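Colleague: I'd like to learn how to read a few local features off a model. Can we go through them one at a time?

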Amino acid sequence: MKVIRIDYLNIPEDLPESSCCIGFFDGLHTGHQALLENCIKVAKEKNVKSGLITFDPDPWEIFFPDRACRHITTLEDRIYLASAMQIEVMYVITFSKDFAALDVDAFHLLLHKMNVSFITCGFDFKYASKNSGNVKSLQSQDYFNVSVIDSVNSKNEKISSSRIEPLIQSGKIDLANELLGYMYSIEGSIEHGFKRGSTLLNFPTANLGANPDYLVPSSGVYAGFVCVNDTLYGSMINVGNNPTFENKKVSIEAHIFDFDQDIYDQRVRFFFLKKTRNEIRFDGFEALKKQLQSDILTCKKVILQDSKYVTKTASLWDKKVFEFK
């Protein structure tokens, strides 16, 4: 997939004719995927390129710079996932207050200059200055054709990034994954921790120095995977302060099953499948160690039972799954 950065004041003149979907697309969830599927279908029918138009940075970061802005996916993730979903060109429009001030007609002209001949959007798409543009105004222009996708629902409620975010933050990862269509993940580097897992408990863990752009699930134990290079390794993931040791900083660490590689300072991705219990305080090492042994068995059972999203995620990210004992 080709990625093209767009400055709205300087549009390249040689852009290919395209059928594009447009939006921020955080998560590229199953609702978004309906837009991508229509966009690609039209592109094949009209023999043009399939494209995705998104924005960077997040508009919220421009208008509310003092608020912490966390995401389901980073721009890098969205680029990767869009490519895996068969999008051919990704246009990343630089978002600024000046760009946000464009009126409806100027926004239409921008898309025309980008050689967009077909647009796919959601039924509630808003654009231009103060969100003055909507589906009706988009359909009223003469530069390109417009396809509108109705609400994609789950349990009679629209699937949206704003619906998925609190599910992740409250630890309802299995429900979030259902709406995403794949396992939620966080990327970062493996860093040195307190080494209590390997020295005191004989449960070595990989400590994730997570990219701060991601949403962090609530404290607790999760069944999931750690992706090292091109392989997904089944894991027990803990998020929290480790109350038995009274840590002050929230940590994200994983005990990787049947794994003995040195991965310090390596870029990895933690995939979350399902929360198995909340974080609790134990009276001493032996009680904690006994619970961890039970947690490992629970996590392995969950992974084997919930193979649907494991298979989907491995295929989407083009990874193989290591079969643990």
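Colleague: Which residues does D258 touch, leaving out those up to four places away in sequence?

Modeller: Contact means heavy atoms within 4.5 Å. By that rule D258 touches F322, F324 and K325. Before we go on: this is a predicted model, where local features need pLDDT of at least 70, side-chain atom pairs count only at pLDDT 80 or more, and totals for chains, interfaces and linings use all residues. Residues are numbered from 1 along each chain as its sequence is written, and side-chain values use heavy atoms, with hydrogens and water left out.

Colleague: What does the side chain of D258 reach, and at what distance?

Modeller: A polar contact is a pair of N or O atoms within 3.5 Å; within protein, one must be able to donate a hydrogen and the other to accept it, and residues adjacent in sequence count only if both atoms are side-chain atoms. Here the D258 side chain gets to the backbone nitrogen of K325 at 2.6 Å.

Colleague: Where is D258 found?

Modeller: Helices (H or I, at least four residues) and strands (E, at least two) are DSSP runs, numbered from the N terminus. D258 sits in the loop between β13 (251-256) and β14 (267-277).

Colleague: Why does D258 count as partly exposed?

Modeller: Buried means under 20% relative accessible area, exposed over 50%, and partly exposed in between (1.4 Å probe, protein chains only). D258 comes out at 39%, so it goes in the partly exposed class. Compare E253, in strand β13: E253 is buried because its relative accessible area is 12%. Its side chain makes a polar contact of 2.9 Å with that of T205.

Colleague: On to pockets. How much space lies in the largest pocket?

Modeller: On a 1 Å grid over the protein atoms alone, a cavity is a set of points where a 1.4 Å probe fits but cannot get out, and a pocket is an open set with protein on both sides within 12 Å along at least five of seven lines; lining residues have an atom within 4 Å of a point. Grid points are joined across faces, edges and corners, and a volume is the space filled by probe spheres set on the points. The largest pocket holds about 1400 Å³. It has 45 lining residues, and G23, F24, F25, W60 and K126 are the closest to its centre.

Colleague: Which element gives the most to the lining of the largest pocket?

Modeller: That's α7, with four residues.

Colleague: F25 has a positive phi; what is its value, and is F25 buried or exposed?

Modeller: Phi is about 65° at F25, although F25 is not a glycine. F25 is found in the loop between β2 (18-22) and α1, and is buried because its relative accessible area is 3%. L28 lies in the loop between β2 and α1 as well, with a positive phi of about 40°.

Colleague: Which residues does a cis peptide bond join?

Modeller: D56 and P57, with omega about 0°. P57 lies in the loop between β3 (49-56) and α2.

Colleague: Last one: how many disulfides does a search of the whole structure find?

Modeller: A disulfide is a pair of cysteine sulfur atoms within 2.5 Å, and the search finds zero. For C227, the nearest cysteine sulfur is that of C299, 18 Å away. C227 counts as buried because its relative accessibility is 6%.
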